[in-house]
Amino acid sequence: MTHPFLDLAPLTASRFAEIERRVAGLLDTEQDVVIMQGEALLPLEGCIRGGARPGSTALNVVTGPYGQTFGNWLRDCGAEVVDLAVPFHSAVTAEQVERALAEHPEIDFVSLVHAEAATGNTNPVAEIGEAVRAHGALFMLDAVASAGAEPLLPDAWGVDLCVIGAQKAMGGPAGVSAVSVSARAWERMAANPRAPRQSYLSLLDWKARWIDGGRAALPHAPAQLEMLALEACLERIEADGLENVIARHASAAAATRAGATALGGGLEPYVHEARDAAPVATTLRAPAGVDASALVARALAADPSVPLIAGGGALAKEMIRVNHYGAEATRDAVVSSLAALGAALADAGRETDLDAAREAVKETWPGE
Ligand SMILES: *Cc1c(COP(=O)(O)O)cnc(C)c1O
């Protein structure tokens, strides 16, 4: 008997290329798309090690934990790093980026995270892209948490390296990821003697062995199950309509924000301005005197099915994340999350109003 995951016919080069074309369609890009055979940190590290080198200066925008990781890689590559850090409860502005570029004309690489699932903020990439393009630096964007959750237009925004993963708003697999690569980015990597070559991190290998060979033969056995899952996830997004998937995430974020505020008990949106809040996930600040991770543990004890998690690392005490993405981008998931948080807050002796929260969700996200 054939097993659903096993005994599959090999994934052909043409099918692999077709999945790449679908990713390009999702991103509305004319650039080369490379599907990397690993989780999104693989292309993110590959882009940085390919683009940065001793003698280069990078502007690294830090709006959450991933930006901190990028800074470490950039320094490891021997690049000078200008860190532009903003508080995690806000977004960076194009003016801040412009100012940093003007202060450091030598900057030739910019790394930015579009949306941060870990901190719940999102950055104005279109405006930032204009500033980066005017300056002439290579522009890398981590769009793992924004793909499928909000508009993402690497070509229109002047993004040279746009990395996505399917495991967040796309509702797909975590084990493969993709990056769109501009002609400028290929040139930069080709001219970088330190860029990974004959390495799992190497984008140049994919260019030499796959793209330049007319996508005729795959260089290695692909991660077949993950590729099939990616194909299925792209098909589902196409069938649902990308704009509808995006609208669902925007509604989930707005409803969570409004519902949490109406719930009360001292709960507040972590990101101060709604325009800076990411559609992919909503972060909340635990009431003073209440430990966020303990509160989340209590909420999960009340309802283990809700997409709640405490913030990572130092944020675990104060931040609650509602991961309303992918299959959880529903009104039910939002309401259940608020109900579980309400129960946990009541346990902690706080007064909450779940009816008001439900009402706020219904008003913010009518229909369904
Ligand atoms: C989720 C995410 C990634 C992928 O990293 P994981 O640690 O595997 O979840 C990368 N960048 C951003 C901005 C993300 O939100």
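Is Asp76 buried or exposed? Asp76 is exposed, with a relative accessible area of 53%; exposed means over 50%, buried under 20%, and partly exposed in between (1.4 Å probe, protein chains only). The views below come from a predicted model, in which local features need pLDDT of at least 70, side-chain atom pairs count only at pLDDT 80 or more, and totals for chains, interfaces and linings use all residues. Residues are numbered from 1 along each chain as its sequence is written, and side-chain values use heavy atoms, with hydrogens and water left out.

**View 1. The salt bridge of Asp76 and Arg49.** The side chains of these two residues, Asp76 and Arg49, form a salt bridge with an N to O distance of 2.9 Å. A salt bridge is a side-chain nitrogen of Lys or Arg within 4 Å of a carboxyl oxygen of Asp or Glu. Asp76 belongs to helix α3 (residues 65-76) and Arg49 to helix α2 (residues 41-51), so that distant parts of the chain, 27 residues apart, are linked. Helices (H or I, at least four residues) and strands (E, at least two) are DSSP runs, numbered from the N terminus. Arg49 counts as buried, at 18% relative accessibility.

**View 2. The salt bridge of Arg184 and Asp160.** The closest N and O atoms of Arg184 and Asp160 are 2.9 Å apart. Arg184 lies in helix α7 (residues 183-190), whereas Asp160 lies in the loop between α6 (154-157) and β6 (161-165), so the pair ties together parts that are 24 residues apart in sequence. Arg184 is partly exposed, with a relative accessible area of 40%, while Asp160 is buried, at 4%.

**View 3. Further salt bridges.** The structure holds 16 salt bridges. One of them joins the side chains of Glu273 and Arg275 (3.9 Å, N to O). Glu273 is partly exposed at 40% relative accessibility, and Arg275 is exposed at 67%. Glu20, Asp32 and Arg215 are linked in a network of salt bridges.

**View 4. The largest nonpolar core.** A nonpolar core is a set of buried Ala, Val, Leu, Ile, Met, Phe, Trp, Tyr and Cys residues joined through side-chain atoms within 4.5 Å. The largest has 82 residues, and those with the most contacts inside it are Ile35, Leu59, Leu161, Ile164 and Met170. Helix α1 (residues 13-27) supplies the largest share of this core, eight residues. Apart from this core lies another, of 27 residues, among them Ala252, Leu267, Ile320 and Trp365.
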